[in-house]
Amino acid sequence: MSTTADPLATLASLPGVADSVDSVRKSVDRVYGHRIMRRRSNEITSEAALRGARASAALSGADWALEEVRRRTDFGVEGEPRTVGAALRLTAEAGQLLSVWRQSPLRVLARLHLVAASGGAPQEAVGRPRLAGEPVDEPLVELALPDADEVAGRLDGLARLLLAGSEAPALVVAAVVHGELLALRPFGSYNGLVARAAERIVLVGSGLDPKSVCPAEVGYAEQDRAAYVAALEGYVSGTPEGVAAWIAHCGRAVELGARESTAVCEALQRGAA
């Protein structure tokens with residue numbers, strides 16, 4: 001990243017990023033301007049949370065139908081049920097951590113992993129970055145794994161960057177948080193779920209999506225896992241083109257999440273007519 005006072009703002013000047021930011025803003029505004037949102041926003045938020053959790057779990061290998069997620073309660077079983085349960089818990093927890101995020105992003109990341117891995121991973125490895133030699137279970141992402149020292153240094157750098165504040169648009173900040181966490185995979189498990197939950201916190205806390213009704217996770221799943229991994233590879237490359245493409249991919253995911261909630265609004269409106 002740049003050594004300027006606001007490196008995130010520098011990323012916002014990459015070719016195409018401004019267009020992505022503008023497109024996202026318009027998509028979000030359309031949802032918030034819907035007449036159903038003005039009357040039944042709590043319902044839209046709840047539905048967006050469920051759909052976002054389902055999609056995040058799908059990206060982590062547990063691709064269940066939405067109705068299956070609605071009806072199931074046995075999320076403590078190993079394998080896919082535990083992944084879906086972790087995604088649901090994270091979605092519920094993320095909204096409670098906004099004030100802490102502004103003071104200590106690393107505390108929030110530790111909390112998110114603790115919530116996700118509850119009852120699963122060895123307890124001594126839960127809620128802290130991995131140590132040298134500890135394995136990582138992240139089947140979707142097969143990029144080279146940074147060592148523990150690099151993880152610690154880059155996490156500290158990310159936290160300092162966030163605490164310093166930035167003039168960059170929320171989309172850029174959220175994309176960097178998401179991309180860094182997936183690139184680093186700082187925990188032994190559930191890094192994808194944690195990365196997407198952290199992105200959600202940034203989008204909500206920034207005021208771009210204060211009611212959390214634009215589930216980007218839905219958009220990532222809709223664009224498919226292969227496109228997600230390819231975009232991440234661009235981010236990890238560090239090239240201006242690769243980083244810009246990742247930010248654009250994240251932006252498109254938010255737009256698709258906004259479209260999903262707009263469809264929910266339309267369905268509720270038809271039902272009320």
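A residue is called buried when its relative accessible area is under 20%, exposed when that area is over 50%, and partly exposed in between, with a 1.4 Å probe and protein chains only. By this criterion, buried residues make up 51% of the 273 residues in the protein chain. The model is predicted, so that local features need pLDDT of at least 70 and side-chain atom pairs count only at pLDDT 80 or more, while totals for chains, interfaces and linings use all residues. Residues are numbered from 1 along each chain as its sequence is written, and side-chain values use heavy atoms, with hydrogens and water left out.

The protein chain contains 13 helices and zero strands, where helices (H or I, at least four residues) and strands (E, at least two) are DSSP runs numbered from the N terminus. The radius of gyration, taken over C-alpha atoms, is 18 Å, close to the 19 Å that the globule rule (2.2 Å times the number of residues to the power 0.38) gives for 273 residues, so the chain is as compact as a globular protein of that length. Among contacts with a separation of 6 or more, 71% are accounted for by residues 24 or more positions apart, a contact being heavy atoms within 4.5 Å.

Helix α10 (residues 191-205) has 15 residues and reaches 21 Å from its first C-alpha to its last, close to the 21 Å expected at 1.5 Å a residue, the expected span being 1.5 Å times one less than the number of residues. This helix is mostly covered, as 14 of its 15 residues are buried, and α10 is followed by G207, whose phi is positive, near 95°.
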